[in-house]
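Me: Could you walk me through how to read a feature like this one? I would like the general idea each time, then the case at hand.

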Amino acid sequence: MVCEFAVVLGAGLRPDGAPAPILAARLDRARGLGAPYVVVSGGKGEAKAMRAYLTDHGVSPASILLEPRSRNTEENLRFSRELMDEVSPGARCVIVTSVFHVPRTQMLARRLGIQGDVIGAPVPPRFWPGALLRESAAFVKFLAGGAA
């Protein structure tokens with residue numbers, strides 16, 4: 001996959017402020033892509049924690065773009081696209097999320113006109129039941145035309 005940006009969608013933090021396991025898996029997947037830029041997207045402190053995780057794991061701070069305003073997946077994508085367009089308008093990206101989140105993220109990216117692919121990071125089995133419940137509810141809301 002050739003892309004200029006890897007966009008990592010936020011997924012929650014541990015009580016100590018570090019990325020939770022689902023988010024760490026997304027960040028690790030993005031690191032392996034070798035994109036020149038990594039956009040970390042998530043409000044409530046997620047983007048800053050994601051940047052710290054990546055720099056702690058050898059990613060140059062100069063290659064990380066911070067998107068700290070988003071509150072949901074649609075805002076993650078919209079605000080990340082704004083950052084990417086400032087650097088390279090219309091560039092392709094790879095959006096990194098969790099495997100259960102790929103279909104809805106793909107539909108949102110297409111709706112927003114984002115050029116790129118969506119890939120999923122692995123999710124430990126203990127997280128699947130809750131993740132599927134949340135994603136099912138979000139998908140119904142998305143299909144009904146609400147914010148996703």
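Reply: Happy to! β4, α4 and β5 form a right-handed β-α-β unit; right-handed means that, with the strands pointing away from the viewer, the path from the first strand over the helix to the second runs clockwise. Helices (H or I, at least four residues) and strands (E, at least two) are DSSP runs, numbered from the N terminus. The model is predicted: local features need pLDDT of at least 70, side-chain atom pairs count only at pLDDT 80 or more, and totals for chains, interfaces and linings use all residues. Residues are numbered from 1 along each chain as its sequence is written, and side-chain values use heavy atoms, leaving out hydrogens and water.

Me: How many bridges join β4 to β5?

Reply: Strands pair if DSSP finds at least two bridges between them. Here six bridges join β4 (residues 93-98) to β5 (residues 116-121), and the two run parallel.

Me: Which residues of α4 are buried?

Reply: Buried means under 20% relative accessible area, exposed over 50%, partly exposed in between (1.4 Å probe, protein chains only). An α-helix has 3.6 residues a turn, so residues three or four places apart point the same way. In α4, the buried residues are V102, R104, T105, L108 and A109. They lie on the same side of α4 because their arc around the axis is only 165°, taken from the directions from the helix axis to the C-beta atoms.

Me: What is the relative accessible area of R104?

Reply: R104 has 4%, so R104 counts as buried.
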